[in-house]
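Today I'm opening a new structure and jotting down what I look up. Let me get it on screen first.

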Amino acid sequence: MLSKPSKVLTRSRLWLRGSLFTVIAFINFASNASTSPELIMFDSNGAKAAPGVIVKSAATMTVTGLINHVVVTQHYRNENPFAVNARYVFPLPEESAVHAMTMHIGERVIKGEIDKKAQAELRFQQAQQAGKQAALVHQQRSNMFVTNVANIGPGDDVQIELKYQEVIDYRSGTFALRFPTTITPRYHPFNAVLQEQGERPNVEKQPASLFAPSDWITPFYATTSHGDTPQSEFSLTINIDVGLELVDIQSKYHQIAIENPAFGQYQVALNEPNAVNRDFLLEFKPLQKEQAQAAFFTEQLNNGERFGLLMLLPPDDHFTQTQRLAREMIFVVDTSGSMHGQSMEQAKSALHYALSLLDSNDSFNIIGFDDQIMPMSNNPVPANDFNLRRAERFVYNLQADGGTEIKGALDAVLDGRDHQGYVRQVIFLTDGSVSNEDSLFKHISAQLGDSRLFTIGIGSAPNSYFMRRAADVGRGSFTFIGNSGDVKPKMQQLFDKLAHPAITQLALTSEAVNQQGEYQQLEYWPSPLPDLYFSEPVMVAVKLDNQAAIRLTGQTAQGPLAIKLNTQQGQSAQGIARLWARQKIKSLLLYNEQQQVKAQVESLALEHQLLSPFTAFIAIEKTQSNTVAEQNVQAANQLPQGLTMRLPQTDGQSRMYILLGLLLLTGFAVLRFKK
């Protein structure tokens, strides 16, 4: 007869054998299940979902002057034997001004109308319930949009066409166009209130806003058992007509085909079938090395209003001849689970290279963060050999795991103070995989002081909305690193910029003088203007009205700066008024509570036919369909390149480890109970 301890040990061995058998069986099942190609869809929490609607998309860009005009086409095909209502969550550039939508059903074309968001959603629901085919497009974030299509019949195709425009990026003599193709899963910060000892936390009593952002719709992700199988179709064509011969055109992460039909005109086409798991980036350089130091474009509307788009690039020698100031550089690196894989390796490479560029007059610190803060040092240290070697070891040991709690990292580096005698620059490396962007922007604004925040987007599909807006509020700039080959040139470019003083206190004023003898104020955006750094232009949209000339003023290390611009000499261009309205909406939302500026934003968006948080495009077919769809499906996005799906979001753990942990915990609980 066995003693009680022996019985317990025997039961333990039996349970462990059974658990091991279960795990092995699970592994074998998973392995056997993936032996043939199969399209599988997951939501952002990893839950499996059934496929139903295939989306084929295309984009055509036309670049003239400084403006990129884009047409995005989405083809929705219902592969089910029954009617469905489809939803698709998709990205666009964060500075895009979406101004038109059209729905195509066979030969029928239905032009979309801009409307207040609540009214557009009500009209869509009524059309859906009436069995009419309809489409609704609204903005979830400035870089994330949602298309809803109602009552797509079996085997039917519905085409949604969107038009947007943006100002093309220009820095260090290079133009750049970026088009996002998928979305990195977002981390939702979780807050709860602990109850008294002995009570269970009452989650239901907590406001919903504590657990998920308002109006948040998570993407589905499609993957296959064979990575070389195309997941969806995407085509991209770019027509460039800047009137200059280009010396270099290159795509950083995709294969392209280039044609040059006439002088100064180029056609670039994406030449890669499976290209929707990473952002597309095209860079091109004009042949002339001596670029014009200013470019000015104007547009006059039928109602007589005039708008201008100004790009001003001060000469490089203005900066290189200035004395380099002592700096305190704080590197903040995201080590959350969403950075796992290629993103973490790129961040480490960027940090190692950044350390090699530090000057002996600099001081620095490195802070890693996920849901905890991990500083290299409690205080900044001099950039000497000992501290640099210490920093390299710290970077080498960084591991990606946990949640993306950016607020804690900001608290650790932004102190709200002025720092006399040196320049304080915060370099923030992250994929921006968060959903609480608005609260973070307000936190940066409140705690910035005279520090400057520079964000570096890491990964194949970073949340550039968060990083560009954070840099705007932080009076810095945004840099995108998409692969390891970008690290050295992008970090060198950033450090060249940071090594020299900025032009600060930039402002635009009218040449006209009021009764008090002061220059009249102009309505321009972004406002306030950011600091101006080495090789990076001022790009600003301004309402001109009857102004004959405007003045750009600022402060440099050598003294005041003043430049006069004749508004009658600008080149004519289309779409500047929309860009001005888009920038005004952005600034209003960035520096104010949404509800305080809702009426103003809504009015601007309706006047200029723009998507915004409070407006949406709606298109409704007048005739009724034969059947009313009772099934709802969400089309899939591709998982970003280099990112492995994990549970829970951004925690860096695999399903297998979670299953094994649950089995072990269950067994331990059983043994304790039987004792």
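Before checking a helix, I need one rule: its expected span is 1.5 Å times one less than its number of residues. I also keep in mind that this is a predicted model.

**Entry 1, helix α4.** I looked up α4, residues 342-356, which has 15 residues. From its first C-alpha to its last it reaches 21 Å, close to the expected 21 Å. Then I checked which of its residues are buried, and the list includes Met344, Ala347, Ala350 and Tyr353.

Next I turned to helix α5, residues 385-396. The axes of α4 and α5 come within 10 Å and cross at roughly 175°. Angles over 145 degrees count as roughly antiparallel, so that is what I call this pair. On the α4 side I found Lys348, Leu351, His352 and Leu355, and they meet Leu388, Ala391, Glu392, Val395 and Tyr396 in α5. I sorted the residues of this contact into six nonpolar, one polar and two charged.

Which residues have the most contacts inside the largest nonpolar core? I got Ile160, Phe179, Ile238, Ile240 and Phe284, in a core of 77 residues. Helix α10, residues 576-591, gives the most to this core, with eight residues. There's also a second, separate core of 35 residues, and Ala350 is one of them, along with Phe331, Ile456 and Tyr533.

Is Gly432 buried or exposed? It counts as buried, because its relative accessibility is 0%. I found Gly432 in the loop between β26 and α7. Gly457 is 25 residues from Gly432 in sequence, yet their C-alphas are 7.3 Å apart in space.

How values were computed
Residues are numbered from 1 along each chain as its sequence is written. This is a predicted model: local features need pLDDT of at least 70, side-chain atom pairs count only at pLDDT 80 or more; totals for chains, interfaces and linings use all residues. Side-chain values use heavy atoms; hydrogens and water are left out. Helices (H or I, at least four residues) and strands (E, at least two) are DSSP runs, numbered from the N terminus. Buried means under 20% relative accessible area, exposed over 50%, partly exposed in between (1.4 Å probe, protein chains only). A nonpolar core is a set of buried Ala, Val, Leu, Ile, Met, Phe, Trp, Tyr and Cys residues joined through side-chain atoms within 4.5 Å. Axes are lines fitted to C-alpha atoms, for helices over the stretch in contact, and angles run from 0 to 180 degrees between N-to-C directions. Angles under 35 degrees count as roughly parallel, over 145 as roughly antiparallel, 65 to 115 as roughly perpendicular and the rest as oblique. Contact means heavy atoms within 4.5 Å. Ala, Val, Leu, Ile, Met, Phe, Trp, Tyr, Cys and Pro count as nonpolar, Asp, Glu, Lys and Arg as charged, and the others, Gly among them, as polar.
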